[in-house]
Amino acid sequence: MVDFSGFYKKTRQERIDILSNARQISLESQEIIKTDTNLPETIAGKMVENHLGTFALPFSVLPDIVVDNMHYSVPMVTEEPSVVAAASLGAKIIAKSGGFITTVHNRLMIGQVALYDVADTSAACFSISQKKAELLEMANAAHPSILKRGGGAQDLTVEEKGEFLIVYLHVDVQEAMGANMLNNMLEAIKEPLEELSQGQSLMAILSNYATESLVTASCQVSISTLNIKQDLAKEIAQKISLASQLAQVDPYRATTHNKGIFNGIDAVLLATGNDWRATEAGSHAWACQKDHYRGLSTWTIEEDALVGSLTLPLPVATVGGSIGLNPKVQVVFDILGHPSSKELASIIASCGLSQNFAALRALVTTGIQQGHMKLHAKSLAMLAGATGNEIDIIATQLRQEKHSNLETAQNLLFNLRNKK
Ligand code: HMG
């Protein structure tokens, strides 16, 4: 097992070498990281419309997280300082208690055909259910390759909601996210459904409320590992548990609590070429399942452990979309050890819970500014105009200032330059 302590203090080249050895990264991937090869213009220009160029963001790595007894290094793409540090710290503390254990509850995607102007909804429901097997066959015929891969349309259900009779198609999409697959299938059964229901179809589209792609990540953190002083360790555990309760009762806090979770999740979704808008939309809907918007994770105390749990819809893909086109995304999968879509969902949920743990730990102890501003200082120095060696000098001075803001950074830079 590789010891990643102090990984962040190494040079970029040293980090690449350590990671390449620890995770057996291919020579091709190492070359892409070293030369910082990005999406070629020839591909970027064909992926989207009105293309002007490519747009870079920092590409980092959480060096070591233990998920289901396996060690992973997890690439993260984010513009925000302290996110990678927090996820790394959370993963490091939680690894001391065995890491994360996950459950992938199911892996189906749901799509819908919304019918309206249906005169007799009971008769329509009956006709549709009588033809369920044929409708599933038609759906599968619209995307036959998924059957060869062991997936395909598995079920069809009907519900009346307000003005609408809604037909839901439940599809095993295997390693893909499945949007195009579902949409092909849904459009193929749209007209037959109009005939069977004697109604009109308004639309046929995949739903991003992926309630049949649920993943739970959980961990049991020994309270004794939270601080050397045991009374302080207990107090930290109690306060993290209270913070979790606060996110259950107050939507203002729940939103920020969940933003912290998504600091970890979005960074990995972006790095793996996944659709983060779809996951965000689905998860925020999931957070509203009960009476109001709530924190997605909970932290409770059970005997000597602080128990964390996060359940959310994570319909992630390892193939399809832009995944095969972007050379950096290929490197990301190489670093991750080419997980299946279920394993990837487990890793991503664990990163979200890790990030949440670190943020709550900071909030109930030192406050967020100490750790976050320490790492934000370099960005402030650059915003103030510092370049080269000036960046580290100004960042170090800023960390000692009472008011660590842009104005202070500008004053420090002025003083530094006028001393020379
Ligand atoms: P620390 O205790 O000062 O860190 O925490 P440390 O210097 O003792 O190092 C401990 C470990 O942290 C290291 O282990 C690394 O794993 C990691 P080691 O390598 O030494 O064995 N670490 C780093 N990794 C990479 N680069 C670094 C680095 N420093 C430490 N530079 C830390 C410092 C910032 C991690 C801590 O204060 C923290 O977790 N703060 C929370 C930061 C956070 O959540 N940031 C996100 C932005 S704020 C936000 O958007 C979310 C929020 O609103 C959500 C919410 O309200 O719930 C807060």
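Analyst: A salt bridge is a side-chain nitrogen of Lys or Arg within 4 Å of a carboxyl oxygen of Asp or Glu. The model is predicted: local features need pLDDT of at least 70, side-chain atom pairs count only at pLDDT 80 or more, and totals for chains, interfaces and linings use all residues. Residues are numbered from 1 along each chain as its sequence is written, and side-chain values use heavy atoms, without hydrogens or water.

The structure holds 11 salt bridges. Take the one between Glu-390 and Arg-417, whose side chains meet at 2.9 Å, N to O. This pair links distant parts of the chain: Glu-390 belongs to helix H15, Arg-417 to helix H16 (residues 406-419), and they are 27 residues apart. Helices here are DSSP runs (H or I, at least four residues), numbered from the N terminus. Glu-390 counts as buried, at 10% relative accessibility. Arg-417 is partly exposed, at 41%. Buried means under 20% relative accessible area, exposed over 50%, and partly exposed in between (1.4 Å probe, protein chains only).

Asp-392 meets Lys-378, side chain to side chain, at 3.8 Å, N to O. Asp-392 is partly exposed, with a relative accessible area of 45%. Lys-378 is partly exposed too, at 39%.

One more bridge joins the side chains of Lys-131 and Glu-134, at 3.9 Å, N to O. Lys-131 is partly exposed at 38%. Glu-134 is partly exposed at 37%.

Note on methods
Helix = DSSP H or I, 4+ residues; strand = E, 2+ residues; numbered from the N terminus.
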